[in-house]
Amino acid sequence: MTNTLEGIAASKGIAFAKAFVLEQPEMTIEKQEINDVDAEITRFKDAVNSSKEELQIIKDKTLNDMGEDKAEIFSAHLLVLEDPEIIEGVSSKIKDDNVNAEHAMKELSDMYITMFEGMDNEYMKERASDIRDVSQRILLHLLGVENTSLAAIQEETVVIAEDLTPSDTAQLDLTYVLGFATDIGGRTSHSAIMARSMEIPAVVGTKEATKTVSTGDTVIIDGLEGHVLINPDETVVNTYKEKQAEYNRQKEEWAKLVSEKSITTDEHQVELAANIGTPNDLDGVLSNGAQGIGLYRTEFLYMGRNELPSEEEQFEAYKTVLEKMENKPVVIRTLDVGGDKELPYLNLPQELNPFLGFRAIRLCLEEKDMFRTQLRALLRASAFGNLKIMFPMVATLEEFREAKAMVEDVKETLIKEGQAVADKVETGIMVEIPSTAAIADLFAKEVDFFSIGTNDLIQYTLAADRMSEKVAHLYQPYHPAILRLVKNVIDAAHNEGKWAGMCGEMAGEETAVPLLLGLGLDEFSMSATSVLPARSQVRSLSKKETEALAEEAIQLPTSKEVAELVERKGFIVS
Ligand code: PEP
Ligand code: MG
């Protein structure tokens, strides 16, 4: 019988092949007292140097095969190898505690890993995996253990691993490695991000793939639904072969739409934009034909470091994005930290309800110097493209007015300094708090645009924490209250001649696209890989028919009935 494991669908597609289970190298690290401290430090530094050489080779290969943005992970690893807190830290430990290099390295890296993993934030947790990756490399050199080489795979394979570090994924030869599954990880883990950019099917977080699968088993990775099927029988194989062929056919069709318009059968055009976290995401944005950036989450510039980013550093990042997008609209969101995204160096107070606390625009309006620096960088960058500034978590008109006044003030100062600033920079808000959605008509008179942040709007409207599995059933995008709030926001914008977008995950969902089109949404911003499927769907729909659908949906009493209606009426194309 086919054994099936459930995991998280991390990268779309279906792969079939014999499994290669990546064994963790045996590493027994014992604490030993040493006699010759200097020789031990030299041995440690040699291991660091060998690791550097190795990483440089991997970085060059990645640069060649996958481009600059992916190679940057290895620049980050090389920086860890130069970080005095770690490298000097280990040397000092060897000296002060009179211990062997392996033990000192392990203790120090474990301490940093625990620190980063303890942060209540996905992105920071991923920094832990960088340190784990680098310290493992040094330890292997110290112990003289050979690293299992994924680069040696020479036949069609799916890789099964506890986790795949960035250096593991960089070694995958995509001629042979057709997909992978891991025990740990979520949709934002390095392995998942890499799989999406390499466009190979992947399932992460299966918990027990390495225990259940043996090298040589036949495995199907279903990256569409998040299943891993082990030694499938013939019927299952045939079903999946059909599913794979269908998906591949669909992908070929989508690829043809890269330069096409996002237009309905009755000639209504919308903008399909992408969400990004760093300028490194731009290649995917362009190759997937996004018509703009609907959300640039600038908080990543502020995270994973010990101090605020300078004006210059921010200016460079914003300028890069604006220039690469060549005058296409780029909505940059001002700092949205607090809640689940902490900045340890700001020493913010611990709160009982951080999602309802001192965060985002609330924090920026208090920390005015920090906010002014970001606004200066943004406005200076505005001269290089089509910038729109967006404020997060706005709950009251006073907040918007104060933030807007700061923009005006900073602009005036820059002009006096003789700096170039674009004539017109739109300022808008995220609508992610129900109070704002309820008085959208009043906001619409003052803002230039709205972007509906459903990730938060849903959690605040239904009072269901977006991180809690226990109340996940209440986190309902199609709840009539959400649809009505979305309609209220779009109508309010249009009544004042403004535009309304959406940058929450909902914007790219197949069930949502026809409803949002029918409600009149102008801009849909989503992860880059969702743009082409969404374009294909938009091009198959009639605006008029989606209007009728939305009208009916908004009268339905439950989320379930709304989703069923969309399906029953044939609005889901794939
Ligand atoms: C949202 O809340 O919908 C949103 C896009 O912002 P974030 O997911 O960054 O909170
Ligand atoms: Mg949000």
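Glu-432 and Asp-456 are both buried, where buried means under 20% relative accessible area, exposed over 50%, and partly exposed in between (1.4 Å probe, protein chains only). This is a predicted model, in which local features need pLDDT of at least 70, side-chain atom pairs count only at pLDDT 80 or more, and totals for chains, interfaces and linings use all residues. Residues are numbered from 1 along each chain as its sequence is written, chains are lettered from A and ligands numbered from 1 in the order in which they are written, and side-chain values use heavy atoms, with hydrogens and water left out.

What coordinates the magnesium ion (ligand 2)? Glu-432 (OE) and Asp-456 (OD) do, at 2.0 to 2.3 Å. Donors are N, O and S atoms within 2.8 Å of the metal (3.2 Å for Na, K and Ca); water is not among the atoms, so sites may look incomplete. The two residues are 24 apart and link distant parts of the chain: Glu-432 sits in the loop between β13 (426-431) and α16 (434-438), while Asp-456 belongs to helix α18 (residues 454-461). Helices (H or I, at least four residues) and strands (E, at least two) are DSSP runs, numbered from the N terminus.

## Around ligand 1

Now for the other ligand. Ligand 1 is surrounded by 13 residues, and the closest are Arg-297, Arg-333, Gly-453, Asn-455 and Arg-466; a residue counts as near if one of its heavy atoms lies within 4 Å. Helix α18 gives the most to this shell, with three residues.

An oxygen atom of ligand 1 lies 2.8 Å from a polar side-chain atom of Arg-297. For Asn-455, a backbone N or O atom is 2.8 Å from an oxygen atom of the ligand.

## One side of helix α23

Which residues of helix α23 (residues 559-568) are buried? They are Ser-559, Val-562, Leu-565 and Val-566. These residues lie on the same side of α23 because they cover an arc of only 125 degrees around the axis, taken from the directions from the helix axis to the C-beta atoms.

The buried residues of α23 pack against α19 (480-495), α20 (512-519) and α22 (543-553), with contact meaning heavy atoms within 4.5 Å. On the face turned away from the buried side are the exposed residues Lys-560, Glu-567 and Arg-568. Just after α23, Gly-570 takes a positive phi of about 80 degrees.

How values were computed:
A polar contact is a pair of N or O atoms within 3.5 Å; within protein, one must be able to donate a hydrogen and the other to accept it, and residues adjacent in sequence count only if both atoms are side-chain atoms.
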